[in-house]
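Hi everyone, thanks for coming. Let me put the structure up, and then I'll walk you through a few parts of it.

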Amino acid sequence: QHPFGNAWRLLSLSLLITLLLNGLPAAAQPDFYKNHQFTKSDTLRGMLSQARSCYDVTFYDINLAVDVKKKHIKGHVDIHFKAVQAFSSMQIDLHSGLEIEKITFYDQPIRFEREFDAVFISLPLELPAAAEAMLRVYYDGFPQVAKNAPWDGGFVWSKDMKDRPWTGVACEGDGASLWWPCKDHLSDEPDSAAITLAVAPEFTAVSNGNLREVRELPNGQRQFHWFVSYPINNYNISLNIGHYAHFKDAWVSAQGDSLALDYYVMDYNLNKAKEHFQQVKPMLSCYERYFGPYPFPRDGFAMVETPYLGMEHQSGIAYGNRYNRGYLGGMIPGDMNWDFIIIHESGHEWFGNAISVKDHCDMWIHESFTTYMEALYVECMYSYVDAVRYLEGQRPFIRNAEPLLGPRDVNWDDWKASDHYYKGSWMLHTLRHAIQDDERFFGLLRGFYDRFKFTTCTTADFINFANEYLGRDYTVFFEQYLWHREPPRLEYELKKKGNKLKVKYRWAEAVDGFDMPVLAGKKGAYQLLHPLTNSYREIVFENMDEEEFRVATELFYVR
């Protein structure tokens, strides 16, 4: 009998329930993935099984010594949690390449078993529902090295321009358990976290939140104590080690509140950074206009220069765009001058950090909203016309390689393309013009943000909120753009008679019942068409030639 047989039986039951649910017509799992073979390791990492759902993490206390020279880490993590229901077996996660020395429950070593990256723990007693407790996990080893951060998770052991060690970590897809033990599931965010890092004395160690203390240790190392006072998803917790210079600034919100701005940059980039990062303040003002003030004022806003391109690490944004405009110098129109990484990764503070998803399958919520925020920034700083022009620059990157919605209950980050960025952005752009009322559209975005701020959510949560807020059922619209690879196809036939142009039209390739309106006609004088999927409709345009007719594909993502 397996020593954790009860936990395994509960996990098997969870798997069965998931398979049954995924067989329903309205399942939150696209058919695209029905023949994909997922491993047991994928499921152990990705499913919120009974061995995980039985408890809720309230606080992580990460204590780590990082040996940059040896590329080695050693330390312990205290996991504070509350029992959701009575249990005596539980699962945490830690990459199989890292060794666990021991796990203690109030200083008493306890039994555990490992399979893949899952760690099954047997408590010495059954915890009653609502009980609060703490585990300590002692571990060490050589963490996974990122082959191509931030797209590939792990540590980055790099060198700065003066050939000095420079270290960072990014782990969004693979998960935080690549380098520290945790309940590595997006649905469970701690209420707060502490990150204490011991490094060689020549280095500065930077993490999330506020730096509370720097101590000189007896062994000659320096210890940096960071504290995050808000909920935070695990993959956002990070560390950065290097020869950093620190400078401060402040931004004042529309309400007159002052927000601390902290910047940690390579010492030789200090003067350049002081000028370049001035664009942070108007960016914060633009996002405040759409979504309200910066969501983590107690922890402040920070950017940390990294040896990789960037990541949305909460209250410690990873910045590696080398002080270029655009994306390493490109990807924005030539008459615009702003830093893509600052604008995009900071947008995640609202969508991805303040609002987080419960499962990897819903990551479009993080990326689509934030990618559309780039266009909103352009609209705020330049104009609506410029925002549309910027969005048209995104469109060639859409590949329709897979649905925006990924497979549920597995650790999935194997996207073939960046559609959950660009296609998702265009879905929101399309929704805006289908609604034909900016006040309601922006009210929807702000209302959704306000409703789910500091919580986790699902695709269903957003769709239900949108239907409720807009007073109309948009479920089929979202089914088309989220569950299916291809956008809808508008079929039309033109017939010229005198000075009139008759247009016969319908949705030809779309989800049954798809009835999104679309603008068409002569550019600058579009009219709203209301195609159906089961029958043709007709409209007559006066004084229009066939070659003048066009569909407003700059406003709608349709074929």
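Where pLDDT is low, the predicted coordinates should not be read in detail. Across the protein, though, pLDDT averages 94, and 95% of the residues score at least 70.

Some housekeeping: this is a predicted model, so local features need pLDDT of at least 70 and side-chain atom pairs count only at 80 or more, while totals for chains, interfaces and linings use all residues. Residues are numbered from 1 along each chain as its sequence is written, and side-chain values use heavy atoms, leaving out hydrogens and water.

Now, strand 2, residues 72-83. Strands here are DSSP runs of E, at least two residues, numbered from the N terminus.

What does strand 2 pair with? Strand 1, residues 55-67, pairs with it in the antiparallel sense over 12 bridges; pairing takes at least two DSSP bridges. Asp61 stands opposite Asp78 there. The two strands form a hairpin with four residues between them, and Lys71 in the turn has a positive phi of about 60 degrees. Strand 8, residues 132-141, also runs antiparallel to strand 2, joined by 10 bridges, with Ile79 opposite Leu135.

Last stop: His95, in the loop between strands 3 and 4. Beyond its neighbours within four places in sequence, His95 contacts Arg114, Asp117, Gln144, Ser177 and Leu178.

Key:
Contact = heavy atoms within 4.5 Å. pLDDT = per-residue confidence, 0-100.
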